[in-house]
Amino acid sequence: MAYLVGCGGVINLAAGQSSQINLQNYNTGLQCTWLVKGAAGTRIKATINSMDLPFSSLYNCYHWIEFRDNLIGQAGKEKCGNNGGSQFVKSIEGNPSAMMIRFDSQKHSSRTPGAGFSLTVEAYTSGCIDYPCKNGGTCAETANGGYVCTCTNGWSGSTCEHIAADAVNSCSLSDDLFSCAFKQDTAMSDFKWKITAVSMGPVSQNYLMTKICHKTNVCLNYL
């Protein structure tokens with residue numbers, strides 16, 4: 001594991017590699033920036049190993065570390081105090097393989113410095129970077145660069161790519177029925193649904209008339 005001591009720098013990491021950022025016994029008046037860059041296909045994760053940075057009785061930071069874990073151009077999350085253990089993982093929006101970390105002891109330079117901090121940054125392989133989950137599915141990372149998709153209503157399969165027989169789909173007559181109740185993959189089937197009539201009267205009179213048609217236009221009516 002590499003160690004970077006001092007105020008700022010660029011850290012380049014291969015997949016699976018980690019490094020430490022250490023800033024101990026710092027002075028006031030500092031504004032430091034570290035850019036952590038991982039190999040393609042990785043996400044950057046930062047962990048606070050230890051931290052002693054001054055803060056007010058209302059927990060406002062006098063000196064702080066900022067983790068830009070969304071877009072690098074956006075303000076990030078600020079941390080101070082004397083508790084380590086927090087982790088920050090770069091969002092897959094933008095470039096997940098790059099994270100900016102900043103330190104500020106300049107804004108409140110009259111405050112007595114703390115003991116400093118130690119961070120571990122790493123680049124790990126993520127199966128979610130390429131957005132494998134289709135049709136609104138949610139991706140969760142698993143070990144060794146794997147992933148698991150949680151599918152939305154009506155979709156199934158390892159990447160939510162199928163409208164399977166065991167898919168559960170709940171709709172109401174106020175929904176867009178072609179995209180809800182009769183969701184289908186016409187490229188994979190010789191059949192398709194057609195809505196022929198809808199009644200939206202009193203509940204006892206509500207009905208939906210449909211038919212399922214073969215590509216030869218032979219249809220069966222359903223109520």
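A polar atom of the Glu66 side chain sits 2.8 Å from the backbone nitrogen of Gly76, a polar contact (N or O atoms within 3.5 Å, one able to donate a hydrogen and the other to accept it; residues adjacent in sequence count only if both atoms are side-chain atoms). This is a predicted model, where local features need pLDDT of at least 70 and side-chain atom pairs pLDDT 80 or more, while totals for chains, interfaces and linings use all residues. Residues are numbered from 1 along each chain as its sequence is written, and side-chain values use heavy atoms, without hydrogens and water.

Let's stay with Glu66 for a moment. Glu66 belongs to strand β6, residues 64-68; strands are DSSP runs of E, at least two residues, numbered from the N terminus. With a relative accessible area of 8%, Glu66 is buried (under 20%; exposed is over 50%, partly exposed in between, with a 1.4 Å probe and protein chains only). Beyond four places in sequence, its contacts (heavy atoms within 4.5 Å) include Gln74, Lys77, Met100 and Arg102.

Now for the largest nonpolar core, which has 26 residues. Such a core joins buried Ala, Val, Leu, Ile, Met, Phe, Trp, Tyr and Cys residues through side-chain atoms within 4.5 Å. Ile65, Phe67, Ile101, Phe103 and Phe117 have the most contacts inside this core. Among the elements giving two or more residues to it are β6, β9 (98-104) and β10 (116-125). Phe103 touches, among others, Trp34, Ile65 and Phe117.

Finally, two loop residues. Asn135, between β10 and β11, has a positive phi of about 55° although it is not a glycine, and is partly exposed at 38%. Cys160, between β12 and β13, has a positive phi of about 60° but is buried, at 0% relative accessibility.

Notes:
Helix = DSSP H or I, 4+ residues; strand = E, 2+ residues; numbered from the N terminus.
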